[in-house]
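Biologist: Please take me through this structure one feature at a time. Give me the general idea first, then the case.

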Amino acid sequence: MIGAVIRRLDLAAVPVATPTGRLVGASGLLLESVGCPLYTGQRCSIETASGEWIDAQVVGFREEVSFLMPLKKADGLSTGARVLPQQARGDLRIGPQWLGRVVNGLGEPVDGLGRLGGDHALDIQPRRVDPLRKAPVRDTLDVGVRAINSLLTLGRGQRVGLMAGSGVGKSVLLGLITRQTVADVVVVGLIGERSREVREFIDMSLGPEGLRRAVVVIAPADESPLMRLRATELCHAIAAYYRDQSRHVLLLVDSLTRYAMARREVALALGEPPATRGYPPSVFSILPQLVESAGNGENPQGSMSAIYTVLAEGDDQQDPVVDTARAILDGHIVMSRALAERGHYPAIDVAASVSRCMAQVADPAHQRAARELRELSSRYAQVRDLLPLGAYVPGTDPATDRAVRLYPRIEAFLCQGVREAAPLDRTVAQLQELLASEGATA
């Protein structure tokens, strides 16, 4: 009797029909399907001419037509091809075994080290944290970079943009931060970058020691825009998981601009009109949603700090993505091409950069010293062009004279080798020693 009931229940669970759609159009990245109801965000499988199946995701609809985008390169599609909606898949499983691994935007391992698993379900869309329950930024974050630790001190849970044009050392500086930062877990997202940089970053920037405490998510430039979007969101989900496990997490995303560009590709394919420099309005509404998923959570024992690289096209700091990032982040670090061309590394323009959380995490003596060094750098910049011409006359302004005398030591202090460590405590002591060499700080 019991066996008969179980068999009836099993048979009741078997679908009497499989809903199937048909492909009726393919234009660029956008595929059109009819004949089967689909919901946005749903995964589908599309049959190719060779009998293989490729994965796609529903990104929109209009009347009876559903719009899909393939997650990977789509070849061999034909009109009338079958479209099978996938049943809701179980969430990714995550655990400590993810540390030291390299995955793609779907959470699939790409390092050849076998399958991944875990004890906890990972939702690619992390739960939104109530702003009133977020743990505040109170403790310093030691990133091991002298210019940042001394003048742009960061806090655990802060979100910062690393803004620069191409070829001024963003990725190299990111590698330095990755190796030197004091954190339990480092989550790295290499989004839309050159494939060559992926291996170089893992081997040279992280190294075996750094990789052991890191999870790397990659979506190179030749991936579909959907994969670049999913990879960026997966980075945030992984970092949020470890944060909620009472770990101090550093999230590095290279770059936020490539994420915005992927969003632009999807929006334009769906027919959204371009607005600011070709970016549709939806891009600028989605960026804050992504950034707000970073930062601290409700658990005060864990933290999630985030550093995003932002590409300033043509070194334009008023680029729409740069301007939006500057408004929604907790600080920005600007890299200068002029400094890079002078051989100043890292090429951080401290006068144009700001950390909005420094006042919360640095002690008053450190803040006074940082303000004084900034003032000296500013005074020197005002007379820099006069010095080679002999037009500057010493003795007119004692403060400017001091800035001119100290500037070679200031520049040497702000420079740092690629493999040189600069712990926070030692950096602050060096800063105060530098300023005390010609008069104590005010």
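Biologist: In which loop is S246 placed?

Modeller: Elements come first: helices (H or I, at least four residues) and strands (E, at least two) are DSSP runs, numbered from the N terminus. S246 sits in the loop between α5 and β15. Its phi is near 65°, a positive value in a residue other than glycine. Two notes on the basis: this is a predicted model, where local features need pLDDT of at least 70, side-chain atom pairs count only at pLDDT 80 or more, and totals for chains, interfaces and linings use all residues. Residues are numbered from 1 along each chain as its sequence is written, and side-chain values use heavy atoms, with hydrogens and water left out.

Biologist: Is S246 buried, exposed or partly exposed?

Modeller: Buried means under 20% relative accessible area, exposed over 50%, and partly exposed in between (1.4 Å probe, protein chains only). S246 has a relative accessible area of 36%, so it is partly exposed.

Biologist: What joins D254 and S255?

Modeller: A cis peptide bond, with omega of about 10°. S255 belongs to the loop between β15 and α6. Y345 and P346 are also joined by a cis peptide bond, and there omega is about -10°. P346 is in the loop between α9 (337-341) and β18 (354-355).

Biologist: Next, helix packing. At what angle do α5 and α6 pack?

Modeller: Two packed helices are described by the angle between their axes and the distance between the axes. Axes are lines fitted to C-alpha atoms, for helices over the stretch in contact, and angles run from 0 to 180 degrees between N-to-C directions. Helix α5 (residues 225-244) packs on helix α6 (residues 256-269) at about 135°, and their axes are 9 Å apart.

Biologist: Which word describes how α5 and α6 lie to each other?

Modeller: Angles under 35 degrees count as roughly parallel, over 145 as roughly antiparallel, 65 to 115 as roughly perpendicular and the rest as oblique. The pair α5 and α6 is therefore oblique. For handedness, a crossing is left-handed if the near helix is turned anticlockwise from the far one by less than a right angle, and right-handed if clockwise. The crossing of α5 and α6 is left-handed. Residues of α5 that meet α6 include P225, L226 and L229. On the α6 side, Y259, A262 and V266 are among them. Contact here means heavy atoms within 4.5 Å.

Biologist: How do α3 and α4 cross?

Modeller: They cross at roughly 40°, and their axes come within 9 Å. So α3 and α4 are oblique to each other. This crossing is right-handed. L174, G175 and T178 are among the α3 residues at the meeting, with F201 and L206 among those of α4.

Biologist: Which residues of α3 are buried?

Modeller: K170, L173, L174, G175, L176, I177 and T178. Their cover includes α2 (146-151), β12 (159-164) and α4 (195-211).

Biologist: What does the side chain of T178 reach?

Modeller: A polar contact is a pair of N or O atoms within 3.5 Å; within protein, one must be able to donate a hydrogen and the other to accept it, and residues adjacent in sequence count only if both atoms are side-chain atoms. The T178 side chain reaches the backbone oxygen of L174 at 2.7 Å. T178 lies in α3 (residues 170-180), and its relative accessible area is 2%, so it is buried. Not counting residues up to four places away in sequence, T178 touches V186, F201, L206, R213 and L252.

Biologist: Where is T181 placed?

Modeller: In the loop between α3 and β13. T181 is buried, at 3% relative accessible area. Its side chain reaches the backbone oxygen of I177 at 2.6 Å.

Biologist: Which residue of β6 stands opposite R22?

Modeller: R82. Two strands pair if DSSP finds at least two bridges between them. β1 (residues 21-27) pairs with β6 in the antiparallel sense over two bridges. β3 (residues 43-47) and β6 also pair in the antiparallel sense, over three bridges. There, S45 has L84 as its bridge partner.
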